[in-house]
Protein chains: 2
Amino acid sequence: MYSQEMYKYGSQSSVIRQIFAYSQARAQVIGKKNVFDFSLGNPSVPAPKAVRDAYETLLNEMSPLELHGYTSGPGDASVRQAIADDLNERFGTDIEGGNIYMTCGAAAALKIALCALYEKGDEALTLTPFFPEYRVFTESAGYKFVPVESEYGTFQPDLNKLEAAITEKTKLIILNSPNNPSGVIYNRDKLVDLAQLLYEKQKEYDHPIFIIADEPYRELTYGKEVPFIPTLYRNTIVCYSYSKSFSLPGERIGYVCVPPEVVSSQDIFFAVCGAGRVLGYVCAPSLAQQVIKKCVRVRPDVEPYRRNRDMLYGGLTRMGYECIAPDGAFYLCVKAPDGNTERFCERAKKYELLIVPGESFMAPGYVRMSYCVSEDTVRNSLPRFEMLLEEYKEG
Amino acid sequence: MYSQEMYKYGSQSSVIRQIFAYSQARAQVIGKKNVFDFSLGNPSVPAPKAVRDAYETLLNEMSPLELHGYTSGPGDASVRQAIADDLNERFGTDIEGGNIYMTCGAAAALKIALCALYEKGDEALTLTPFFPEYRVFTESAGYKFVPVESEYGTFQPDLNKLEAAITEKTKLIILNSPNNPSGVIYNRDKLVDLAQLLYEKQKEYDHPIFIIADEPYRELTYGKEVPFIPTLYRNTIVCYSYSKSFSLPGERIGYVCVPPEVVSSQDIFFAVCGAGRVLGYVCAPSLAQQVIKKCVRVRPDVEPYRRNRDMLYGGLTRMGYECIAPDGAFYLCVKAPDGNTERFCERAKKYELLIVPGESFMAPGYVRMSYCVSEDTVRNSLPRFEMLLEEYKEG
């Protein structure tokens, strides 16, 4: 009578959403400031002032018919050119406006890129830990989804395991750096070696293997370099979103970039356009497109996140928790003291600490904490984490 | 190396887009006011003032984190409730906020509803003439797409032909009234009979048959009643968009409504949520959602469209053109004088009149004119249409 597959995807809410729902119910009972909710990756730093100003200026200066009118499917030409220019200035690339396809955020970008590349029998790889929707997007597009374990304890790519996982059917590998849920940024050396491996495998199997660089956290970095993967590996397609950098997650604005160096770049761009059309994306929201054009050189204020990271990572490690040092994004992986994350999350709940078991991300033994919260939330949570750890010491 | 199917959908631009591109190039040469472009269904009446004001108020009054933050997948609860309340007031229904799923416009709504309902082997029917993307959305979702001819000359549903087209595999029928490209509104009597037929066929085949009511033009009507199909037939799912009524086509905001009377309404709603998730729609644009809430009782000013319709339909019929009388939307079907639409469109080009052959819409022998243009464009086009018709009289 209806699609059982879609019903399954729609009725099983994610663990994160379940915890968030619990958090909201709990806040009703004990007050919001007494709930320490580290579950959701929802930015806590407001949109930059330039973004706010751009909205106002555009509403005052552009005619509503132009501002709110259809753009072409790939987006407004001047918006796309502005993004290309900015990428070229920062990374020395030769991307053109015609290589940019505006999307309703990174989820749409990923889904569109995956559908554009898919051929029957294809396999899509990714490195653990990873954003759980990767499985949903790849499998529903037809791919066999193959997670490859990273180096345990650092969550840098494990090239031996990656090599073993690549087969004749490997179409692409999704890379996400800075990483959700670990905050890890892949080292340049590792990425160079990874590129080398893919070049060899392309040759061995005589067909292209693509990297899909999922980069919503590119600008959320605390000093460490985030290499721009297209400069390291030709067949890289970039998926970007302004959700995190501009704190606009609800506005759904991002892009797919198919650089000119990608094999059959123009044809793949057409396939991207076709996938967007087939999936029902007529164009990315037009007002948001214009906001991006006006703010294309604006970078986010990461200091609040950095302060939270330093306080949380510093505090927890001093107490004795084992953590993965995060260089970017606003996530921290903390090891459950006895390795049992489910028990850890349940015990944490008694202290009103809400954290997510890493198993959803294939980070077994770890929990994910999103520190896109107020500084007070981080500060006031620390004594509670200390008491929680004491429980474990007492056995 | 990439999806041939997506490449095909992305590289073949529609006839309408081709004509529009020609129009833009031509405007460069002879000036915009000398090109009479009736090709695109892009609203020419600016967004209502209330919509403009709502944008401004929201940017001033709501905190940016709240205004631009993620909503839940189906949308902000208060927005959904406001839409349900408005529908109930207007149509005497018992729709709840929980029956509304906010989408990125009607294309997304349609695609999501189609994917939510699809099971292997299903057939999707629609009545001619129809929006060409129906074929793209249904076929790419897996359906066999079955167009059913309407009564020629009125473009009202032909129930005999519809009955003959329904098989055991018929899952749904897409209805679009007011209709693109004809502007025809289906008569209440016809819809009552159509519902009766579907009830019988449901019984005969012992499974539900759904109506998907695609209603972006609901509010663009010039006096004739537009029956709300869920009040005539239980298993009706409504797809709506604010693109045309609020002149916000670029903002991508609309909804799917699965009324409580629909069989397994709650499960189908879950399937809708799952389809939205799988297709990469995280949520509908958040600022636009809030604008809709503020303006949910605002109705568009249709007078400029009515004036254009009266001038164009009146003018062309007085000259001797055969037209389908349009009661809604902003489209008019005009018969090619000798039945050859391709030649008609080519000849029209000499007078800088840009119109679309009806074959793309399965309206053979007719051309589509979109009269969402300035009044001057309509007025100044008429002498040219007269000269064009003279050519035919001269043979």
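## Overall fold

Chain A contains 14 helices and 12 strands (DSSP runs, numbered from the N terminus: helices are H or I of at least four residues, strands E of at least two). This is a predicted model, in which local features need pLDDT of at least 70 and side-chain atom pairs count only at pLDDT 80 or more, while totals for chains, interfaces and linings use all residues. Residues are numbered from 1 along each chain as its sequence is written, and chains are lettered from A and ligands numbered from 1 in the order in which they are written.

Along the principal axes, the C-alpha atoms of chain A fill a box of roughly 65 × 55 × 55 Å. Of its 395 residues, 51% are buried (20 or more other C-beta atoms within 10 Å of the residue's own, with C-beta atoms placed from the backbone).

## Domains of chain A

Domain 1 of chain A covers 4–47 + 301–394, and domain 2 covers 49–294; the bounds come from an automatic or database domain assignment. Their centres, taken over C-alpha atoms, are separated by 27 Å.

Contact between them involves 27 residues of domain 1 and 28 residues of domain 2 of chain A (contact: C-beta atoms, placed from the backbone, within 7 Å). On the domain 1 side, α12 (303–319) and β9 (331–335) of chain A each supply at least two residues.

## Contact with chain B

The contact between the chains takes 66 residues from chain A and 66 residues from chain B. On the chain A side, α10(A) gives the largest share, 10 residues.

Key
Two residues are in contact if their C-beta atoms, placed from the backbone, lie within 7 Å. A residue is buried if 20 or more other C-beta atoms lie within 10 Å of its own, exposed if 12 or fewer, and partly exposed in between; C-beta atoms are placed from the backbone.
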